[in-house]
Amino acid sequence: MNREASAELIMKLYELRREEKMREARNWFISFFPESAEDIMKVMIDPETSAKYRMVSTYWDMAASFVNRGAIDEDMFFDSAGECWVVFSKIQPHLAGMRELMSNTAYLKNLDDLLMRQPNAIDTLTQRREMMKRWMQARAEMAQAA
């Protein structure tokens, strides 16, 4: 695999994350904590949140497809793409339900395949989910104190 080409693609992915609408969507997603597949479906049909949810989740599924297909070196990808763990940590517990509700067994399959083949994937996802809950709690407390 050409590491220079991988680096170029990783930089392009980074640039896409910096786009204004994507930043807004990512900021929204970080505070989204679904408790069920139905919670996810609600945000997918809500005009206020649908595009944000879809933009973030499909972005990371697309990026994962590049890794899965060999366009991006997997180790290089994980050196700079920790956010995919955070995103998937919120969806993964409800993924089977989402696939059932959507009648789409391939929903977020690229991201699922990439992350679940990593060592200690379930533990990592659990840790990221809990870390984000703590961060959002701290953020809320800081906002109240201000």
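Helices, here runs of H or I of at least four residues, are assigned by DSSP and numbered from the N terminus. The model is predicted, so that local features need pLDDT of at least 70 and side-chain atom pairs count only at pLDDT 80 or more, while totals for chains, interfaces and linings use all residues. Residues are numbered from 1 along each chain as its sequence is written, and side-chain values use heavy atoms, with hydrogens and water left out.

Helix H4 comprises 19 residues (50-68) and reaches 26 Å from its first C-alpha to its last, close to the 27 Å expected at 1.5 Å a residue, the expected span being 1.5 Å times one less than the number of residues. Gly70, which follows H4, has a positive phi, near 90 degrees. Among the buried residues of H4 are Tyr53, Val56, Tyr59 and Trp60, where buried means under 20% relative accessible area with a 1.4 Å probe and protein chains only. Helices H1, H2, H3, H5, H6 and H8 are included in what covers the buried residues of H4.

H4 packs with H8 at an angle of about 60 degrees, their axes lying 7 Å apart; these axes are lines fitted to C-alpha atoms over the stretch in contact, and angles run from 0 to 180 degrees between N-to-C directions. In the contact (heavy atoms within 4.5 Å), Trp60, Asp61, Ala64, Ser65, Val67 and Asn68 of H4 meet Lys109, Asn110, Leu111, Asp113 and Leu114 of H8.

Lys90, placed in helix H6, counts as buried because its relative accessibility is 2%. Leaving aside residues up to four places away in sequence, Lys90 touches Phe29, Ile30, Ser31, Phe32, Phe33, Pro34 and Met132.

Key. Helices (H or I, at least four residues) and strands (E, at least two) are DSSP runs, numbered from the N terminus. Buried means under 20% relative accessible area, exposed over 50%, partly exposed in between (1.4 Å probe, protein chains only).
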